[in-house]
Amino acid sequence: MADNKNKRRSTVRNASTRPTGFYYVLAAIAVIGASILGYTLLRKPAGAVGTEVKVDLATVGPAQGYTMGKSDAPVKIVEFADFECPGCGQFATVTEPDVRKRIIDTGLASLTFYDFPLPQHKNSQGAHNAAACANDQGKFWEMHDRIFMAQDQWNTEATDNPKPFFEKYASDIGLDTNVWESCYDSRKYQGRIMANQAEGERRRVDTTPTFIIADKMYPGALPYDALKAIVDSATQK
């Protein structure tokens with residue numbers, strides 16, 4: 001009988017003390033959790049972090065991009081892009097105008113575009129072909145801008161026959177359309193497009209757009225401020 005009473009006292013004592021400690025633990029977890037959440041919400045966005053790449057820029061092989069800006073600019077921006085990629089289109093139409101005006105035109109850097117058509121974008125090869133043929137008449141960048149600006153008109157979702165759209169753009173920017181069409185139909189620059197894509201694969205590009213600035217690779221469409229910060233950092237090296 002006495003043992004039973006002792007057991008009941010022990011049970012009552014354990015029942016009265018265990019919840020108090022348990023609540024202390026819960027309170028501690030809540031405080032730590034709130035601290036982590038607060039830090040996550042209030043901290044400033046981190047700058048773009050590049051992945052180091054080891055590529056000898058002097059041995060780019062047969063690849064041949066399209067460059068704007070001064071040849072002796074202190075920083076070289078290399079872009080691998082797909083004309084049908086929405087992120088590439090966003091960069092080209094939203095961010096790139098600022099990049100050209102405030103970074104390229106001021107001589108801080110040059111920009112070289114390399115073809116990197118993705119296989120899931122069926123009309124992208126035609127777009128790269130159209131731009132390469134425009135370059136034959138000295139208007140790669142005009143066609144580049146026109147193609148990206150109207151991406152929703154000729155992309156795979158919009159049409160199975162993008163050529164008439166490219167032909168209109170060629171006319172809009174003042175190309176000799178007969179010469180352009182002959183180039184387009186013969187796929188005169190298919191080798192160049194493939195070489196540029198192979199160069200991207202050699203550098204382990206797996207998404208578009210991807211930028212290589214100095215010795216680092218940055219996948220994804222960089223906003224202007226992030227790209228400018230990278231250029232500034234590369235300039236100081």
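This is a short tour of a predicted model, one selection at a time.

**Before you start.** Residues are numbered from 1 along each chain as its sequence is written.

**Whole chain.** Show the cartoon. The protein has nine helices and six strands. Helices (H or I, at least four residues) and strands (E, at least two) are DSSP runs, numbered from the N terminus. Of the 237 residues, 41% are buried. Buried means under 20% relative accessible area, with a 1.4 Å probe and protein chains only. Take contacts (heavy atoms within 4.5 Å) between residues at least 6 apart in sequence: 76% of them join residues at least 24 apart.

**Helix 3 and helix 8.** Select residues 124–135 and 190–202. The two helices pack at about 115°, and their axes are 9 Å apart. Axes are lines fitted to C-alpha atoms over the stretch in contact, and angles run from 0 to 180 degrees between N-to-C directions. Helix 3 is therefore roughly perpendicular to helix 8; that label covers 65 to 115 degrees. Now show side chains. Helix 3 contributes Gln125, His128, Asn129 and Asn135 to the contact. Helix 8 contributes Gln190, Arg192, Ile193 and Gln197.

**Cys183.** Move to helix 7, residues 177–186, and pick Cys183. Its relative accessibility is 4%, so Cys183 counts as buried. Beyond its neighbours within four places in sequence, Cys183 contacts Asn129, Cys133, Asp136, Lys188 and Tyr189.

**His144.** Next, go to helix 4 (residues 140–149), where His144 lies. His144 has a relative accessible area of 0%, so it is buried. Its side chain makes a polar contact of 2.8 Å with the side chain of Asp145. A polar contact is a pair of N or O atoms within 3.5 Å, one able to donate a hydrogen and the other to accept it; residues adjacent in sequence count only if both atoms are side-chain atoms. Not counting residues up to four places away, His144 touches Phe83, Ala92, Glu96, Arg100 and Phe113.

**Helix 9.** Finish at residues 224–235. The buried residues here are Tyr224, Ala226, Leu227, Ile230, Val231 and Ala234. Their cover includes strand 3 (75–81), helix 2 (86–104), strand 4 (109–115), strand 5 (210–213) and strand 6 (216–219).

Key: Predicted model: local features only at pLDDT ≥ 70, side-chain atom pairs only at ≥ 80, totals over all residues. Heavy atoms only, no water. Buried < 20%, exposed > 50% of the residue type's maximum accessible area, 1.4 Å probe, protein only. Expected span 1.5 Å × (residues − 1). Parallel < 35°, antiparallel > 145°, perpendicular 65-115°, else oblique.
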